[in-house]
Amino acid sequence: MAGLWLLLASPAAGEAGTTARTLLTQASYLAASVFFILGLKSLTKADTARRGMQQAAVGMLLAIVGTLIVEQIVEYQWILAGLVIGTVIGYPLGTRVPMTAMPQRIAISHMFGALAASLVGIAEYLHQGARLDGVTMGALGFEVLFGSLTVTGSFMAFGKLQEFLPGRPVTFPGQNAVNISVFAATLGLWIYLIIEPGAAWAFWAMTGLAFLIGISLVLPIGGADMPVVVSLLNSYAGLAASATGFAIGNTVLIIAGALDGASGFILSIIMSKAMNRSFGNVIFGAFGSAPTASAKTAAGLTVKSISAEDAAIQLGYASKVIVVPGYGMAVAQAQHTVRELAELIEKKGGEVKYAIHPVAGRMPGHMNVLLAEANVPYDRMYDMDEINEEFKDADVALVIGANDVVNPAAKTDKGSPIYGMPILNVDQAKSIIVMKRSMNAGFAGIENELFYDAKTSMLFGDAKGSLTKLVAEVKTL
Amino acid sequence: MTFTNILQLYVFILAGFVGYNIITRVPPLLHTPLMSATNAISAISIVGALVIAGAKYSLTASILGCIAVTCATINVVGGFIITDRMLRMFKSGDAPKAGEGK
């Protein structure tokens with residue numbers, strides 16, 4: 001290594017100096033790749049995760065520094081401007097965004113990532129154009145195609161999650177046919193470009209159409225399905241980054257993109273399974289465009305409501321309580337009060353666990369983050385598969401703002417639109433307290449027979465207000 | 001298809017396998033940090049953007065490169081910070097209440 005530095009320093013060693021620089025750059029890329037993989041591996045355990053990701057950040061820094069010394073870079077003003085503006089925008093996006101806004105935060109960052117990949121591809125095409133060989137053109141085209149559709153698609157997802165775009169599916173007759181033909185045309189242009197890399201018109205047409213695809217892909221998908229879409233776009237952003245690596249011959253990009261692509265792909269499959277939907281159904285189904293009529297109605301059934309005092313007695317003397325948080329809890333910002341209640345129950349000798357359905361939040365793992373923010377220890381949070389067997393031993397299942405994920409119709413009612421969706425076995429608990437604002441049907445517009453179960457008591461009201469009352473009551477026990 | 005292309009394909013496929021194997025073992029508990037982490041990592045496209053922004057190919061290319069560097073930097077800075085912010089919140093319940101047992 002010392003020898004290499006000497007060569008670098010000696011003015012006569014032009015050729016060898018170049019090699020040394022390239023070697024340094026490549027070493028930084030190799031180190032970054034290793035750090036990235038170790039960083040992701042650290043995410044398999046909650047207590048190693050933080051340090052692992054800090055190492056990954058160091059890997060990123062190494063790769064950036066390693067790139068700044070490559071000899072193709074001859075001027076730095078544009079680089080500096082980009083780094084400064086990016087930091088000024090990125091820093092508050094990292095420090096200020098509240099945890100409830102995480103889904104849209106992730107969606108918009110997919111847009112930035114994909115935009116970066118697309119622009120690199122476009123600039124590379126402007127620079128090389130007809131000089132590109134077929135394989136490189138294929139990679140470049142793929143990069144720009146997937147990058148561009150991820151840009152607009154992520155922006156649409158961001159809009160729907162941030163609610164400045166309508167959350168309901170926007171559909172028109174023949175939509176799928178139109179989408180498929182646009183996609184086919186885009187693929188056709190891509191193939192034409194591989195044969196004829198110099199056809200600039202085809203390149204721009206393909207890019208434009210790809211932007212359109214992103215919009216039309218997400219427009220017909222409802223707000224409830226956004227977790228799948230965001231995961232899928234995660235995968236696309238990764239694939240676009242990987243294709244960039246192929247196009248400019250950069251291995252660390254190929255590796256990081258492949259990791260990202262695999263991650264997004266796995267997450268979207270997990271989310272689809274949790275919602276009992278196939279990929280195709282999410283993309284082309286326009287679920288919920290017209291609220292599906294439930295096979296069973298609530299006619300003739302009565303619900304039993306409960307006062308905060310009585311609920312507090314049940315909870316205070318329970319030896320095992322399972323809390324089932326839903327998005328309604330996060331909307332009411334009631335996480336902290338839930339934790340406070342749980343601590344009181346624990347102090348009285350009861351055991352409290354949290355049962356978290358994969359689609360409890362607005363993106364994979366969202367509910368866990370919201371609970372962790374409220375200082376709920378992560379070893380009290382259990383996935384559906386881990387805890388479903390335990391409901392039958394629970395004295396009380398406390399359902400807060402969750403509906404469809406605890407609806408027994410998913411197991412029993414073949415006519416229900418959610419039939420087959422995996423749910424939490426709340427109905428097996430010895431008693432059930434459901435906190436709910438009113439008797440409105442859930443997100444999917446489906447009646448929930450759990451609420452009419454003889455073991456179920458309804459505690460009506462705003463989740464936060466009810467919980468505050470519960471905390472006060474349990475304290476007096 | 002040059003020899004380099006084939007090697008790149010090897011790298012892609014093998015990295016995909018590594019990714020698949022690691023990521024299937026990430027618990028649902030950490031799926032949101034996972035997504036923000038992979039997002040931050042894929043901002044490695046900054047290395048491509050830096051070259052475009054600094055290579056003086058043409059003014060258009062430099063400007064496109066500058067925007068690309070900006071976008072990628074947003075994800076590098078914002079992505080790693082927010083991932084760390086989330087992971088910092090995940091605490092074990094046994095640490096402060098030692099001896100209580102689960």
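Visitor: What lies 3.0 Å from a polar atom of the side chain of B:Thr38?
Guide: In this predicted model, the backbone oxygen of B:Met35 lies at that distance. The rule for a polar contact is a pair of N or O atoms within 3.5 Å; within protein, one must be able to donate a hydrogen and the other to accept it, and residues adjacent in sequence count only if both atoms are side-chain atoms.

Visitor: Which side chain joins that of B:Thr38 in a polar contact of 3.1 Å?
Guide: The side chain of A:Asp260 does. B:Thr38 also touches A:Leu40, A:Asn234 and A:Ser263, leaving out residues up to four places away in sequence; touching, or contact, means heavy atoms within 4.5 Å.

Visitor: Is B:Thr38 buried or exposed?
Guide: B:Thr38 is buried, its relative accessible area being 1%. Buried stands for under 20% relative accessible area, exposed for over 50%, and partly exposed for values in between (1.4 Å probe, protein chains only).

Visitor: Where is B:Thr38 found?
Guide: B:Thr38 is found in helix α2 of chain B, residues 31–42. Helices (H or I, at least four residues) and strands (E, at least two) are DSSP runs, numbered from the N terminus.

Visitor: How many of the twelve residues of α2(B) are buried?
Guide: Twelve of the twelve are buried, so α2(B) is largely enclosed by the rest of the structure. Among them are B:His31, B:Pro33, B:Asn39 and B:Ser42.

Visitor: Turning to the interface, what is the area buried between chain A and chain B?
Guide: The buried area is about 8100 Å², and carbon and sulfur atoms give 75% of it. This is the accessible area (1.4 Å probe) that two parts lose on being put together, summed over both. The contact takes 103 residues from chain A and 85 residues from chain B.

Visitor: Which side chains meet there in a salt bridge?
Guide: Those of A:Arg50 and B:Asp84 do, at 2.9 Å from N to O. The count between the two chains is one salt bridge, defined as a side-chain nitrogen of Lys or Arg within 4 Å of a carboxyl oxygen of Asp or Glu. The rule for polar contacts finds 17 residue pairs across the interface, both residues at pLDDT 80 or more.

Visitor: Which element gives the most to the side of chain A that touches chain B?
Guide: That is α5(A), with 16 residues.

Visitor: How is chain A built overall?
Guide: Chain A has 18 helices and six strands, and 55% of its 477 residues are buried. Its C-alpha atoms fill a box of roughly 85 × 60 × 35 Å along the principal axes.

Visitor: Which conventions apply?
Guide: Residues are numbered from 1 along each chain as its sequence is written, and chains are lettered from A in the order in which they are written. Local features need pLDDT of at least 70, and side-chain atom pairs count only at pLDDT 80 or more, while totals for chains, interfaces and linings use all residues; side-chain values use heavy atoms, without hydrogens and water.
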